[in-house]
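Q: I have a structure here that is new to me, and I would like to go through it slowly. Could you start with the chain as a whole and then take the details one at a time?

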Amino acid sequence: WAVLAAPALLLAACSGSGSETSGAPATSTTEAAGLGEGFGPERGGRRALVGFDEVAATITAADGTTCEVCLMAATTDAERQRGLMEVTDDELGGYDGMLFRFPAEIEGGFWMRNTPLPLSIAYFDGSGAFVSSTDMDPCRDSASCPSYPADEPFRYALEVPAGGLPDLGVGEGSTIRVDGDRCPDADTAS
């Protein structure tokens with residue numbers, strides 16, 4: 001979970017492909033009991049963590065290429081605090097990662113307490129512009145886990161398995177746009 005927010009995870013393989021859509025950002029009314037304890041039922045070819053919704057987003061790289069992603073959404077305090085704690089499935093139930101969304105820009109960072117998967121995190125401001133990113137090391141249940149702060153205030157944090165941000169086009173000059181609260185069905189014909 002996070003110092004000021006829980007970790008968010010994103011894993012996708014876009015590398016220059018994707019399309020754009022539009023819509024309203026996702027919200028959730030999840031209760032804290034049982035939140036994140038295992039994966040829920042399959043929906044559209046994916047299985048979200050129990051109590052988490054999904055959100056479709058588009059990442060635009062600095063060179064203009066776009067990557068459409070489907071993310072688990074952490075929009076409530078309870079979801080942001082839980083994040084990817086205790087998750088061991090590096091494929092995240094078929095999701096590209098987790099997007100943490102805050103009501104307004106905040107300062108601070110995330111930590112990896114009780115998070116066994118190494119993750120990369122990218123922070124984006126209220127307009128969706130890239131702020132900074134870093135890799136985060138797993139940490140056991142310890143109050144001494146390090147914090148990984150953003151370089152500037154942020155409204156969105158995107159977590160992916162370690163090293164996965166460049167595959168999505170995330171880096172200096174990139175942007176993220178939340179497209180809607182439902183993702184297209186996953187391509188399960190692979």
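A: Among contacts in the protein chain (heavy atoms within 4.5 Å) between residues at least 6 apart in sequence, 76% join residues at least 24 apart. This is a predicted model, in which local features need pLDDT of at least 70 and side-chain atom pairs count only at pLDDT 80 or more, while totals for chains, interfaces and linings use all residues. Residues are numbered from 1 along each chain as its sequence is written, and side-chain values use heavy atoms, with hydrogens and water left out.

Q: What is the mean pLDDT of the protein chain?
A: The mean pLDDT, which is the predictor's confidence in each residue from 0 to 100, is 82 for the protein chain, and 79% of its residues reach 70 or more. Over residues 16-32 the pLDDT is below 50, and this stretch has 46 contacts in the model beyond near neighbours in sequence. The pLDDT also stays under 50 over residues 1-13, for which the model has 92 contacts beyond four places in sequence. Where pLDDT is low, the predicted coordinates should not be read in detail.

Q: How many helices and strands are there in the protein chain?
A: The protein chain has one helix and nine strands, where helices (H or I, at least four residues) and strands (E, at least two) are DSSP runs numbered from the N terminus. Read along the sequence, they follow the pattern β-β-α-β-β-β-β-β-β-β.

Q: Which strands form the open sheet, and in what order?
A: Seven strands form the open sheet, in the order β6-β5-β8-β3-β2-β1-β9, and the pairing is mixed; two strands pair if DSSP finds at least two bridges between them. The edges are β6 (130-136) and β9, each with a single partner strand, so one side of each is left without a neighbour in the sheet. On average, neighbouring strands of this sheet are turned by 35° against each other, direction ignored, with axes being lines fitted to C-alpha atoms (for helices over the stretch in contact) and angles running from 0 to 180 degrees between N-to-C directions.

Q: How many bridges join β5 to β6?
A: Six bridges join strand β5 (residues 119-124) to β6, and the two run antiparallel. Ala-122 stands opposite Ser-133 in β6.

Q: Now the cysteines: how many disulfides does the structure hold?
A: The structure holds two disulfides, a disulfide being a pair of cysteine sulfur atoms within 2.5 Å. One is formed by Cys-70 and Cys-183, with their sulfur atoms 2.1 Å apart, and with 95° about the S-S bond this link is right-handed. Cys-70 lies in strand β2 (residues 66-74) and Cys-183 in the segment after β9 (175-180), so the pair ties together parts that are 113 residues apart in sequence.

Q: Are Cys-70 and Cys-183 buried or exposed, and what are the values?
A: Cys-70 counts as buried at 2% relative accessibility, and Cys-183 is buried with a relative accessible area of 10%. Here buried means under 20% relative accessible area, exposed over 50%, and partly exposed in between (1.4 Å probe, protein chains only).

Q: And what about Cys-139 and Cys-145?
A: Cys-139 and Cys-145 form a disulfide with their sulfur atoms 1.9 Å apart, and both residues are buried. The torsion about their S-S bond is about -90°, so this disulfide is left-handed.

Q: Changing topic, where is Arg-113 found, and what does its side chain contact?
A: Arg-113 is found in the loop between β4 (109-111) and β5, and it counts as buried at 19% relative accessibility. Its side chain makes a polar contact with the side chain of Asp-141 (2.8 Å); a polar contact is a pair of N or O atoms within 3.5 Å, where within protein one must be able to donate a hydrogen and the other to accept it, and residues adjacent in sequence count only if both atoms are side-chain atoms.

Q: Is Asp-137 buried or exposed?
A: Asp-137, which lies in the loop between β6 and β7 (147-149), is exposed, with a relative accessible area of 51%. Leaving aside neighbours within four places in sequence, Asp-137 is in contact with Met-112 and Tyr-148.
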